[in-house]
Each structure stands twice: as C-alpha cells, then as structure tokens.
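The entries follow in the order in which I looked things up.

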Amino acid sequence: EPEKKLSVVLVSSEVARFAKTGGLADVADKLAEALAKRGHRVMTVMPMYGQYDGAVPTGVCREFNLWGGKHGVQYHHKWEANGVDANGNETGVDRVFVDHPCFRRPGMYGEWGQDYADNLFRFALFSWASIEASLCQPTIAPFGEDVVFIANDWQTGLVPLILASNYRRFRMFGPARSIFVIHNMGYHGVYPNPPTWESPKFSWHDLGLPDDSYYDRFV
C-alpha cells in the first residue's frame, strides 16, 4: 500500500542554518528535509531572531491576545528545494519565520547566563503564531487544517494544548494531529507563579486560552 503523503508543520524554536544552540536545531532541520524527500509536504516554523537570506515578508499579520493585550506578528517565508522525488517532482521545505520585536534580541533564550524574564510570553506567542502559519501563507498554497504538527521541546509545549482547548472548540483543525517531542529533559520551561514577589499571578487567560474549565493547575 502506498505511503500516505502528509502535510507536516514542524514547529521549533531553532532550525540549523538559521539559528542554533544545540542538537534540537539539527534534528528540526534534517527531519524536515528527510520528510520532504519522502514526498510529504513540509513546513518549518521558527521565531525570526534576525534577518535570513532569502526570507521575504508575506504581508500577513496576525494578532493574539496575551497578558491582557493584543500582540501582532508578521510572517516571512523562504522556499528551500532539496531534490526531486521518485516521480521527478521538486521536493523541498517551506521555511516560515514568525517576526515580533520580542524575538529580535542578542540571545535566543537569554543573555549572560540568565533567561529572558518574558520567555513564557515569547514562546506562548510563538506557539499561537505557529498554528496560524498553516492557514495564512499567501506565497504558497495554505497547508490547511489536515496537518500533523510536530512540536519540539518546552518552547512549543502549548501547541497541542492550544489546538485542543481553542481551535477544536470552534470546529477547526478537526483532522489535525500533534506530536510533542522532548529532545532535552534538562530544560523544562518551568516558571514560578507569580514570576516575582511584586507581580500578580498569571492565569490561562494570560496565555490566550479561553477559560479555566479544563485545567486545575500549572505544570
């Protein structure tokens, strides 16, 4: 039986050749290429930490409600061909980058041995934007809702939760599936609540989720 061809959205905070701190970037890059060579349609989504050769603005903006405010992101796109399939068709990967000022910093996760204090906000925003990326890219035919999301490490840990708690409540992404991959157990994405003694506690509402109906605690 022929292998079913999938539309795969690989979400990662880093992808080799664009931004890298460790093995996660290598896996995200090579897995995307390998899946594309097998005939699957593949998109990688990562934050836009800087300017990348060949990445062009798509003109698409999306807004997300986080921490009581609206935060807009823009998308950039680059097509990278990597060969031909058994039928002689060009294969490659759609590289999509999420642009927002919070990503344009000297470090990806922090500086001088300290994590950025707003990393929870930064990667919550990235998770929301990554899901929308499959729907709204005008430079390519949208991947649509029948996709497989591969979310990598804690930075993308909200992707499966947002799919289940938000989009499916509105009958979106019904056929979609998500896979959460842990590459490094040493990094958990754990944040104190409240973040500091003088700040208020955050809730699921701050993460953009509709209510607290399904959750009783932070992990």
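I counted two strands as paired if DSSP finds at least two bridges between them, and I took helices (H or I, at least four residues) and strands (E, at least two) as DSSP runs, numbered from the N terminus. The model is predicted, so I note that local features need pLDDT of at least 70 and side-chain atom pairs count only at pLDDT 80 or more, while totals for chains, interfaces and linings use all residues. Residues are numbered from 1 along each chain as its sequence is written, and side-chain values use heavy atoms, with hydrogens and water left out.

Entry: the sheet. I looked up the strand order and found an open sheet of seven strands, β3-β4-β5-β2-β1-β8-β9, with mixed pairing. Its edge strands are β3 (56-66) and β9, each of which pairs on one side only. Neighbouring strands are turned by 25° against each other on average, direction ignored; for such angles, axes are lines fitted to C-alpha atoms, for helices over the stretch in contact, and angles run from 0 to 180 degrees between N-to-C directions.

Entry: two pairings. β1 and β2 run parallel and are joined by five bridges, and I noted Val42 in β2 as the bridge partner of Val8. β3 and β4 (residues 69-84) run antiparallel with eight bridges between them, and there Pro57 has His76 of β4 as its bridge partner.

Entry: helices on the sheet. With contact meaning heavy atoms within 4.5 Å, I found α1 (residues 23-37) packed on the sheet, touching β1 (7-11), β2 (41-47), β4, β5 (90-99) and β8 (148-152), its direction making about 140° with that of β5. Helix α3 (residues 158-167) also packs on the sheet, where it touches β8 and β9 and makes about 140° with the direction of β8.

Entry: burial. I used buried for under 20% relative accessible area, exposed for over 50% and partly exposed in between (1.4 Å probe, protein chains only). Seven of the 10 residues of α3 are buried, so this helix is largely enclosed by the rest of the structure; among them are Leu158, Ile162 and Tyr167. The buried residues of α3 pack against α2 (119-133), β8 and β9. Six of the seven residues of β2 are buried, so that strand is likewise largely enclosed by the rest of the structure.

Entry: Met185 lies in the segment after β9 (177-181), and Met185 counts as exposed because its relative accessibility is 58%.
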